[in-house]
Structure formats: C-alpha cells, structure tokens
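These are my notebook entries on what I looked up in one structure.

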Amino acid sequence: MSTETFRMTRAIPGTAHSANGTMISTSSIDLPRYSKLTTTVPKEFVHRAGVAEVMLTDWIRKDDLHFSVAAQWPRGHAFFTPSAGCHDPLISAETIRQVGSLLAHAEFDVPLDFQFVMWDLKLETHPAHMTVGGAPASLDMDVTCHDVKRRNNALAGFRYEVVVRRDGQVAATGGASFTCMPPRVYRRVRGGRVTDTVRPLPLTAPTAPQGVGRVSPMDVVLSATPRDDRWQLRVDTRHPILFEHPVDHVPGMTLLEAARQASISLMGAPFRPVAFASEFSRYIELDEPCFIEAEIIPGDGARVLVTARQNDELAFTSVVTMEALPV
C-alpha cells in the first residue's frame with residue numbers, strides 16, 4: 001500500500017481551463033515557432049517535488065479509456081543506475097506509477113490534495129530494447145484504463161495497463177491499480193499518523209552494497225540479520241530519491257527496491273531482475289521495524305518470492321523474475 005499527495009493552489013503550467021471550468025492539457029498544442037519543443041508534464045501531476053524526477057513529457061486522450069503518454073529516460077540517473085548496458089528495470093516501474101497519477105489528475109479531475117493508495121504493480125521488461133544509447137531514451141506508451149470506480153461523481157480509482165515502446169519495439173509492459181481519497185478520509189484512515197507527527201526509527205546499518213547490486217551504501221535498503229534470507233528494511237528518510245518528499249509511511253518504490261535487492265542477494269551477482277508482480281496490502285510504518293524475507297520459488301525459471309512483514313502481519317509481496325546476466 002502506497003500513498004502520495006501534493007497540494008497546489010497556483011495555476012499549473014501546461015494546462016488551461018475550458019469554458020465549463022474543467023482543466024485541459026495544452027501540452028500538445030502546436031506553438032507557431034516552437035512546435036517540436038519537449039518539456040516534462042507538471043511535477044504535481046506525478047507526485048514529485050523535483051522536476052528532475054519527472055519521467056513523463058506529454059499525453060493525449062484517444063478515447064474515454066485509452067491514452068497515449070510520452071516519456072524520456074536519462075542515460076544516467078542518481079539512483080536508477082544502468083546495469084549491464086541497460087536501463088534500470090525500476091525506472092520502468094516509476095514511469096508506470098507516474099502514468100496513473102498523471103491521468104487521474106489531468107483526465108479524471110482528481111484534486112491535487114487527494115491521497116493515492118496503490119494496491120499492486122506489475123512489470124515485465126525486455127532488456128534487448130532497454131539498452132542505454134547515445135541519447136536519452138524516448139518512449140511512447142499505450143495506456144488502457146479498466147474498472148473505473150466513482151464515488152459521488154468523483155473518481156475513486158481504476159486499474160490501468162501500459163505498453164512501453166521505444167523506437168517501435170516493446171521495451172516493457174506493466175500496470176497497476178489504485179484508489180484515491182480526499183484528505184479528511186485519509187486522516188481518518190491513518191488515525192493521526194501524519195508527516196509531522198511520525199518519527200522514523202534510528203537508521204540501521206546497510207548490508208554490503210556489492211551483495212545487493214548497489215555501489216553506494218546510501219542506496220542500500222536492507223540491513224543484515226542472522227539469517228541469509230531475512231533482512232530488516234532500512235528506512236532512510238533522507239534519501240533524495242526514495243524519499244523525494246516527506247511522507248508518513250514507507251513508499252511503494254522503496255519496497256520494490258527491497259524486493260530487487262533481496263532477490264539479487266539470494267540469487268547472486270550473475271543475475272538481474274527483469275519482471276516484478278507486486279501487491280501492497282498494508283501501510284508500512286516508519287516508526288516500527290519491518291522485515292524482508294526471500295525464497296526461491298521451486299520450478300522452471302529463476303523466480304524469487306519476497307515478502308515484507310511488520311508486527312508479524314504481511315504487508316507486501318513481490319514475485320521477482322531473475323535472468324542470468326550476459327557473459
């Protein structure tokens with residue numbers, strides 16, 4: 001379970017209001033002299049505090065439930081670092097996450113102060129089309145929305161599927177589902193746990209970075225325990241990407257990173273993750289220890305089941321598909 005929110009009162013660049021007062025995108029309107037310029041979508045639409053972390057660049061509605069969304073991946077990133085000549089698979093996950101919040105705000109009129117709760121996220125990447133080239137990767141995404149739910153004529157959530165193409169080739173596929181709620185409902189759900197009142201646990205020591213596919217100890221989200229298949233989740237609320245803005249619980253992308261690191265630790269360095277099927281069932285609190293466990297799933301293929309438990313309650317599961325690195 002992962003939620004995000006932003007408050008905003010000023011006008012949003014790249015948008016305008018129609019005659020009936022609804023917000024419309026102006027990002028695809030051709031300007032006479034600069035029709036081919038590229039910019040990111042408003043950062044507030046994708047729940048980012050910094051423009052540098054916005055992956056999406058444009059969108060257009062094709063019909064009621066189908067959209068085209070454009071994105072760009074940098075050749076290098078401070079956290080989503082390339083590996084074996086390919087873009088980080090989790091940059092695909094972050095891009096897919098941003099698609100849902102963009103469409104909810106820009107096309108389904110969800111106010112910017114609403115909270116989003118993500119319930120699942122799946123991703124399958126195709127490394128042959130994820131290679132890092134001589135320029136940032138330009139992406140075109142086909143998005144289909146399903147199971148659109150409304151409450152009192154306002155969007156309550158939906159499921160969406162995404163096909164990510166690069167130069168006409170499928171680089172990744174995935175999707176997610178979420179619900180959204182107004183601030184008063186979220187305050188009731190959280191029972192007073194807000195950013196200003198929650199005090200995170202003291203930061204624990206990272207496990208060895210090279211054992212979990214990382215270079216910097218700062219990017220390690222696991223702390224060792226006496227068992228090789230069990231770790232304490234390392235929650236560094238000062239991390240500039242995983243905790244890009246203040247939150248009152250552990251973000252979903254932090255849990256996906258924990259699943260990646262646990263899978264690499266269990267399988268060994270010659271493997272990399274290529275697919276995730278993850279479910280978020282409970283909030284993971286910042287002020288209580290959370291433990292990550294991993295086990296290899298018997299059968300064909302290299303798949304790892306990763307779970308997160310807090311107070312002995314299951315909060316997160318992810319089946320991570322691993323692939324041997326090219327020699």
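**Cysteines.** I looked up cysteine 86 in this predicted model and found it buried, with a relative accessible area of 9%. Cysteine 290 also counts as buried, at 2% relative accessibility. I then searched for disulfides, and the structure holds zero. A disulfide would need a pair of cysteine sulfur atoms within 2.5 Å.

**Aromatic pairs.** How many aromatic pairs does a search of the whole structure find? I recorded 10. One of them joins phenylalanine 45 and tryptophan 59, with 6.1 Å from centre to centre and 70 degrees between the planes. I noted this pair as edge-to-face, because the angle is over 60 degrees. Next I asked where the two partners lie. Phenylalanine 45 is in the loop between strand 2 (23–25) and strand 3 (56–63), while tryptophan 59 belongs to strand 3. The pair therefore ties together parts that are 14 residues apart in sequence.

**Aromatic cluster and charges over rings.** I found one aromatic cluster formed by Phe67, Phe108, Phe116, Phe158, Tyr160 and Phe178. Phenylalanine 108, a member of this cluster, also has arginine 61 over its face, at 5.7 Å from the ring centre. I recorded a further arginine over a ring: arginine 214 lies over the face of phenylalanine 79, at 4.0 Å from the ring centre.

**Helix 3.** I checked the extent of helix 3, which covers residues 252–267 and has 16 residues. From its first C-alpha to its last it reaches 23 Å, close to the 22 Å expected at 1.5 Å a residue. What follows helix 3? Glycine 268 does, and its phi is positive, near 105 degrees.

**Leucine 305.** I located leucine 305 in strand 13, which spans residues 302–310. Leucine 305 is partly exposed, because its relative accessible area is 27%, a value between the limits of 20% and 50%. Which residues does leucine 305 touch, not counting those up to four places away in sequence? I listed Glu293, Ala294, Glu295, Ile297, Ser318 and Val319. For alanine 294, I also looked up the C-alpha separation from leucine 305: it is 5.6 Å, although the two residues are 11 residues apart along the chain.

Technical notes. Residues numbered from 1 in each chain as written. Predicted model: local features only at pLDDT ≥ 70, side-chain atom pairs only at ≥ 80, totals over all residues. Heavy atoms only, no water. Buried < 20%, exposed > 50% of the residue type's maximum accessible area, 1.4 Å probe, protein only. Phe/Tyr/Trp six-rings, centres within 6.5 Å; stacked < 30°, edge-to-face > 60°. Helix = DSSP H or I, 4+ residues; strand = E, 2+ residues; numbered from the N terminus. Lys NZ or Arg CZ within 6 Å of the ring centre and 35° of its normal. Expected span 1.5 Å × (residues − 1). Contact = heavy atoms within 4.5 Å.
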